[in-house]
Amino acid sequence: MKLFKTTLIAAAILGFSTASFAEDAKPLKVGLMLPATGTFAALGTAIENGFKLYTKEQGDKLAGRPIEFVKVDDESDPAKATDNVNKLIKGDNVDVLIGTVHSGVAMAMAKAAKESGTILIVPNAGAQAVTGPMCAPNIFRSSFSNWQPGYAMGEVVAQKGHKKVVTITWKYAAGDESVQGFKDGFTKSGGEVIKELNLPFPNVEFQALLTEIAALKPDAVYTFFAGGGAVKFVKDYKAAGLKDSIPLYGAGFLTDGTLEAQGGDGEGLLTTLHYADKLDNAKDKAFRTAYNDAYKMQPDVYAVQGYDAAQILKVGLDAVQGDVSKKAEFAAAVEAAKFDSPRGEFTLSKAHNPVQDIYLREAKGLENPAVSVASKALADPAKGCSLK
Amino acid sequence: MDLSIFLIQCLNSLQYGLLLFLVAMGLTLIFGIMGVINLAHGSFYMIGAYMAYALSPLVANAFGGGFFSVLVIGLVLAVILGYFLEWAFFSFLYDRDHLQQVLMTYGLILVFEELRSLLVGDDVHGVQPPDFLAGVIPLGDVMTYPVYRLFISAVCLLLALGMYYIFTRTRLGMMIRAGSTNREMVQSLGIDIKLLYRIVFAAGVALAAVAGMISAPVSTVYPGMGGQVLIICFVVVVIGGIGSIRGAFLAAMLIGFVDTFGKVLLPEAAGVLVYVLMALILLWKPDGLFKTS
């Protein structure tokens, strides 16, 4: 019976696709502008894998159009970003742009997309401006804004009864925005940030500031660091003897993909992010199995963001029957949709940033299982966006 | 800032300064004595750090582990690498202008980064300090200080003294100093200057690699780590006076203090303070604190 059903569905899909193939054989050109080399190379690969996993599930077609990928390595270099994105928009005439990890590069992409009207889906970069002052009907984000995990953590730290907190981060956009989110959430609930410590990006000599924290003796510390800096900060914080006396909280990147390198020093750290390990939902389980089968490794938050970028694209394309020039209808369909993501269900705000649950996670071994939902259906304030 | 915190910050400054000196020492050798602008110095540091990460399990399998056996094997490999690089590339650069040196050593950076990516991947890795140095010393009522950091400082001091002794008190040091002043004259006195330079270069590479290996447990191991170190090393060498070990030592200490206290007292300007210091010193002494020859 089941076999019969699948055959029927397969026949239906086949019939449908051949029919649409006849009327619209023109492939959909998807420009993937992701880092293939440099520090963020692994993140770029995860996003591409996630994206392609979804399109494969759709039979390598979206809205009846076969997909043709055009790939550019953005090297996470903002200096080359404008040239790279113009190559895709003007040179290759892509219908849709997907990218990228680095916020500076993503800003250049948003600027170019805003000018040319090409549909852009940002699968990682959390810069506020993408769905703030730069927001546009044709620009979407499948990941998060830097403000979101910070705000959720601000509420959590206040609930834990901490009154005086010190923040520490790199002095650059992502760090500033994350700390601003934390302050918004924390001070609203009655807390006070007694000092904001900064160091220049990507300096990792933390010892002077750790001594400063020891001198200030706050109730807790909030931090935003990622990659190599996150590993070193967590190890130095522990080595300075602060971990047991002054609890450390952070945006999820502190312990995402860094726990192994932290060698146990990250154990028990509480962080907030829009994805977590061991989420109890069927979609996530199916996604993890399919991803593991296809790529022989476990997916991470970046793979989820890539997968969801493809979902957003499908919803929009279905509404306009694959005609990317109908931008208003594309946007309207995406805004009305509910996305069944491995992270849980989410929608997109008017500014096109995910409205999503932010999880509180606790580092255990090499995983960050969810403890609770820190902030339900949290929307970015989208300051400066005219679409609100 | 009360006294105990002030003293801890002084300790931080000293410790950071010594670490900088350790990394910059190899650069001042190669840049100062051989006159080659070696942008790949940061890569040698990175190679050292990755050796500390990658060799530990291999050495553990072959000899049952041991922090010092990893260090010795890494040192030998670095000397061989340095010797080979001098023979294959750098020996052709002595008579060329600085632009060509910059181009070639920049090319080497790209090659080493790509090789690193192919061989070990792009992930961040942590290296555990050896068990007997893993402890901490309590400082004040909340802070502790890792013993391993003090061990690094001790190694830096020992190396500094050793280098100073070799340069000023031994025949080899005399030949090297003479060679940096007048290559042809030294050669005409019957000294194999080519071999001498090859040894100096290998020593420079080995110093950078040892710095990478020793600092790996505190700095962690990650892509692009060489680039960060390279710039601050050049600042140390330029402030200290090109080719001067004593100058590099003083400059590293100075930067250690300016950077540490700058971060605490003037956080808005922390990123530029070190460079302001460099500009001021160069205005005052255009050749750096101690100019050799």
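Predicted model: local features only at pLDDT ≥ 70, side-chain atom pairs only at ≥ 80, totals over all residues.
Author: Residues are numbered from 1 along each chain as its sequence is written, and chains are lettered from A and ligands numbered from 1 in the order in which they are written.

Reader: Why is Ile199(B) called partly exposed?

Author: A residue is buried if 20 or more other C-beta atoms, placed from the backbone, lie within 10 Å of its own, exposed if 12 or fewer, and partly exposed in between. Ile199(B) has 18 C-beta neighbours inside 10 Å and therefore counts as partly exposed. Ile199(B) belongs to helix α8 (residues 193–219) of chain B, where helices (H or I, at least four residues) and strands (E, at least two) are DSSP runs, numbered from the N terminus. Its C-alpha atom is separated by 9.8 Å from that of Ile176(B), 23 residues apart along the chain.

Reader: How do you know that the size of chain B agrees with a compact globule?

Author: The radius of gyration is taken over C-alpha atoms, and the globule rule is 2.2 Å times the number of residues to the power 0.38. For 293 residues the expectation is near 19 Å; chain B has 19 Å, so the two agree. Along the principal axes, the C-alpha atoms of chain B fill a box of roughly 65 × 55 × 35 Å. Its secondary structure comes to 11 helices and two strands, and 45% of its 293 residues count as buried.

Reader: Which residues touch the most other members of the largest nonpolar core?

Author: A nonpolar core is a set of buried Ala, Val, Leu, Ile, Met, Phe, Trp, Tyr and Cys residues joined through C-beta atoms within 7 Å. The largest one has 210 residues, among which Met109(A), Ala24(B) and Val236(B) touch the most other members. The largest share of this core, 17 residues, comes from α8(B). Two residues are in contact if their C-beta atoms lie within 7 Å; leaving aside neighbours within four places in sequence, the contacts of Met109(A) include Met33(A), Leu97(A) and Leu120(A).

Reader: What makes β7(A) and β8(A) a pair?

Author: Two strands pair if DSSP finds at least two bridges between them. Strand β7 (residues 164–170) and strand β8 (residues 192–199) of chain A have seven bridges in the parallel sense, and they are a pair. One example is Val166(A), whose bridge partner in β8(A) is Lys195(A). The chain crosses from β7(A) to β8(A) through helix α6 (residues 173–188) of chain A, and this β-α-β crossover is right-handed: with the strands pointing away from the viewer, the path from the first strand over the helix to the second runs clockwise.

Reader: Which strand do five bridges join to β7(A)?

Author: That strand is β9 (residues 220–224) of chain A, which runs parallel to β7(A). In β9(A), Phe224(A) stands opposite Thr169(A).

Reader: Why is β7(A) called mostly covered?

Author: Six of its seven residues are buried, and the description follows from that count.

Reader: What makes β2 and β6 of chain A stand at the edges?

Author: The open sheet has the order β2-β3-β1-β4-β5-β6 (chain A), with mixed pairing. β2 (61–62) and β6 (139–141) each have a single partner strand, so one side of each is left without a neighbour in the sheet. Strand β5 (residues 119–122) of chain A pairs with β6(A) in the parallel sense over three bridges.
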